[in-house]
Amino acid sequence: MKVTEHIKRAEKTLFSIEVLPPLKGQTIHSIYETMDKLMPYDPAFVDVTYHRQEVVYREVEKGLMKRHAVRKRPGTVGICASLMNKYNIDTVPHIICGGFSKDETEDALIDLNFLGIENVLVLRGDPIKSEGIFKPEPDGHAYASDLLQQVVQMNEGEYLDEELRNSSKTNFCIGVAGYPEKHFEAPNFKSDMKFLKKKVDLGAEYIVTQLFYDNKMYFDFVKKCRAAGIEVPIIPGLKPITSRKQLNIVPHFFHVNLPEALVDGIEDAKTDEQVRQKGVKWCIQQSEELIDAGVPVMHYYTMGKAKSIQEVAEAVFGK
Ligand code: FAD
C-alpha cells in the first residue's frame with residue numbers, strides 16, 4: 001500500500017522506521033534483528049536507504065596508491081523484497097541521483113515495480129566525500145526534482161525511449177526530503193523552500209524531514225511550508241542521541257543544531273548507558289509532543305541502533 005494511503009486510513013499517528021543496508025560482506029540478519037525488535041509496534045512502512053559508490057585509495061606498493069570505487073552498503077532492492085516477503089510490510093526504497101544514469105534509474109524503477117513496491121523516496125544523494133560538491137553522472141540527474149520527473153513520467157507510461165511512449169504505467173507514491181533547519185547547501189531558507197515546493201508541484205505526495213532535536217524547528221517548518229502552498233503530509237524524522245561523540249558527529253553530518261538542554265544533560269551523564277538513556281528520554285518527549293500536535297507519522301532513523309528506537313517505540317506506541 002502507498003504511504004499516502006496508510007496516512008489516509010490512519011485514525012492515529014503511525015509509526016515507521018528507516019533501516020540501512022548492512023556493510024558489504026555482512027549478512028541481512030542485522031536488519032532482521034532490527035525488524036524483530038520493532039515489528040511489535042506495528043510499523044506502517046519501512047524505508048531502506050540507498051548508498052552510492054565511494055572512492056577510496058589503497059596502497060598497492062610502497063607509496064603507490066590505487067583508486068577503487070566501493071559501494072559499502074549495497075542491497076537496497078533485495079532488502080525491500082526480503083522484508084516484504086518475511087514481514088508482509090510495505091517498503092520504501094530510497095532512490096538517488098548520485099551515481100546513476102537515467103537509463104540505470106529506469107531499469108531500477110522497473111525492478112521495483114515488478115517486485116510490487118509502490119513507494120519511493122526520491123533524493124539527490126550527498127556528494128562523494130572526497131569531492132565535496134555533488135556531481136551528477138554525465139547522463140544523470142542533478143537534483144531530486146529531475147529524478148522525480150522521471151518517476152512521474154514512468155507513472156504516466158512514458159519511458160526514455162521515444163518508441164516506448166504509452167507503455168505500461170508504474171504506480172509509485174513519491175516522497176521527498178525536507179529540511180527544518182535548511183539544506184546545508186541552500187543559500188537561504190527561502191531558496192530551499194522554493195525548490196521543495198517545486199518537488200511537490202511536480203508530484204511529490206509527502207515529505208520526510210531531516211532529523212531534528214528541537215520540535216520548534218519542525219513546527220516552524222510546517223508553518224512555512226503551508227504558507228508557501230505546500231499541502232502534502234510532512235512526516236517528522238527523529239533519531240535519539242545514543243553516545244557522547246554524537247554531540248559532534250550529528251551536527252557535522254546532518255547539519256542540525258542540538259538544544260542546550262540536551263547537550264548539557266548528555267555532558268552531565270556519568271556513564272555511556274546514562275548518555276543513551278538521556279538521548280532516549282529526549283526522543284520520547286519530542287515524539288509525545290509531535291503526536292499531541294497531530295503529526296501523521298513518526299518516522300525513526302534506526303541506523304543500526306534498534307535498542308534505543310525500541311525503547312522509544314515502547315514508551316510512545318506500546319500503550
Ligand atoms: P535536492 O532536493 O535536489 O536539493 C539539494 C540542494 O539543491 C538543496 O540545497 C536545494 O535547495 C537545492 N536545489 C534543489 N533544486 C535546485 C535547482 N533546480 N537549482 C538550484 N538549486 C536547487 N542520501 C543518500 O545518499 N541515500 C539515502 O538513502 C538518503 N536518505 C535520506 C532520507 C531523508 C529523509 C533525508 C532528509 C535525507 C536523505 N539522504 C540520503 C541525504 C540526501 O541525499 C542529502 O541531504 C542531499 O544532500 C540532498 O538531497 P535532496 O533530495 O534533498 O536534494
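Helix α6 gives the most residues to the shell around the ligand, four in number. Helices here are DSSP runs of H or I with at least four residues, strands are runs of E with at least two, and both are numbered from the N terminus. The model is a predicted one, in which local features need pLDDT of at least 70, side-chain atom pairs count only at pLDDT 80 or more, and totals for chains, interfaces and linings use all residues. Residues are numbered from 1 along each chain as its sequence is written, and side-chain values use heavy atoms, with hydrogens and water left out.

The shell holds 25 residues, of which Y50, D126, Y179, D192 and K199 come nearest to the ligand; a residue is near if one of its heavy atoms lies within 4 Å. By class there are 13 nonpolar, five polar and seven charged residues, with Ala, Val, Leu, Ile, Met, Phe, Trp, Tyr, Cys and Pro counted as nonpolar, Asp, Glu, Lys and Arg as charged, and the others, Gly among them, as polar.

An N or O atom in the side chain of D192 is 2.6 Å from an oxygen atom of the ligand. A backbone N or O atom of Y50 lies 2.7 Å from a ligand nitrogen atom. On its own the ligand has 980 Å² of accessible area, and the protein covers 87% of this (Shrake-Rupley method, 1.4 Å probe). Elements giving two or more residues to the shell are β5 (90-96), β6 (119-123) and α6 (189-202).

Elsewhere, strands β3 (residues 54-61) and β4 (residues 64-70) run antiparallel, joined by seven bridges; strands pair if DSSP finds at least two bridges between them. R58 has K66 in β4 as its bridge partner.

Key:
A polar contact is a pair of N or O atoms within 3.5 Å; within protein, one must be able to donate a hydrogen and the other to accept it, and residues adjacent in sequence count only if both atoms are side-chain atoms.
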